[in-house]
Amino acid sequence: MDWLHSLLFHDGQFLGIQWHVWKVVGWLGNVVFTSRFLVQWHATEKSKKVVVPALFWWLSLTGSLLLLAYAGLYQRDSVFVAAYAFSWIPYLRNLLIHHRNERARKECTACGHTTEAAARFCPQCGASLPASHP
Ligand SMILES: [Zn+2]
């Protein structure tokens with residue numbers, strides 16, 4: 001296991017990185033932001049159609065804000081800051097729309113299954129659902 005230790009730790013650095021608080025913030029932002037693709041891919045494979053779950057937008061928002069903090073407060077790199085300065089807007093908007101859709105879902109009185117607000121029939125039991133009120 002000495003080979004593993006010397007591979008991970010070299011010259012007092014872990015993975016060749018001089019670690020400090022801002023490096024942790026930046027790498028955490030990278031991991032969170034990148035993990036959103038795994039979440040979206042998993043959701044799509046699971047449902048056999050292209051799906052973007054709310055967790056994707058939460059990971060996008062959190063990761064981009066961490067990277068924006070790293071870029072603006074530590075790196076002070078205008079290119080990097082510009083890349084993340086406004087990306088939070090569509091992430092937040094999509095989360096708001098998702099929240100509104102979740103709140104407007106209908107519950108079937110026959111079987112208790114919940115479905116989207118626009119549905120006219122329960123996809124579980126086929127019972128007629130009341131009309132939506134915008
Ligand atoms: Zn039903």
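User: Into which domains is the protein divided?

Analyst: This is a predicted model. By residue range, the protein is divided into domain 1 (2-103) and domain 2 (108-134).

User: What radius of gyration does the protein have, against that of a compact globule of 134 residues?

Analyst: Along the principal axes, the C-alpha atoms fill a box of roughly 70 × 40 × 20 Å. Of the 134 residues, 14% count as buried. A compact globule of 134 residues would have a radius of gyration near 14 Å, whereas the protein has 22 Å.

User: Which pattern of helices and strands does the protein follow along the sequence?

Analyst: The protein contains five helices and four strands. Read along the sequence, these elements give the pattern α-β-β-α-α-α-α-β-β.

User: How are α3 and α4 oriented relative to each other, roughly parallel or roughly antiparallel?

Analyst: The axes of helix α3 (residues 54-75) and helix α4 (residues 78-85) come within 9 Å and cross at roughly 155°. Angles over 145 degrees count as roughly antiparallel. Therefore α3 and α4 are roughly antiparallel.

User: Which residues make the contact between α3 and α4, and what is the handedness of the crossing?

Analyst: On the α3 side, the contact is made by S64, L67, L68, A71, G72 and Q75. These meet F80, V81, Y84 and A85 of α4. The crossing of the two helices, α3 and α4, is left-handed.

Technical notes: Residues numbered from 1 in each chain as written. Predicted model: local features only at pLDDT ≥ 70, side-chain atom pairs only at ≥ 80, totals over all residues. Domains from an automatic or database assignment. Rg over C-alpha atoms; globule rule 2.2 N^0.38 Å. Buried ≥ 20, exposed ≤ 12 C-beta atoms within 10 Å, placed from the backbone. Axes fitted to C-alpha atoms, helices over the stretch in contact; angles between N-to-C directions. Parallel < 35°, antiparallel > 145°, perpendicular 65-115°, else oblique. Left-handed = near helix turned anticlockwise from the far one by under 90°. Contact = placed C-beta atoms within 7 Å.
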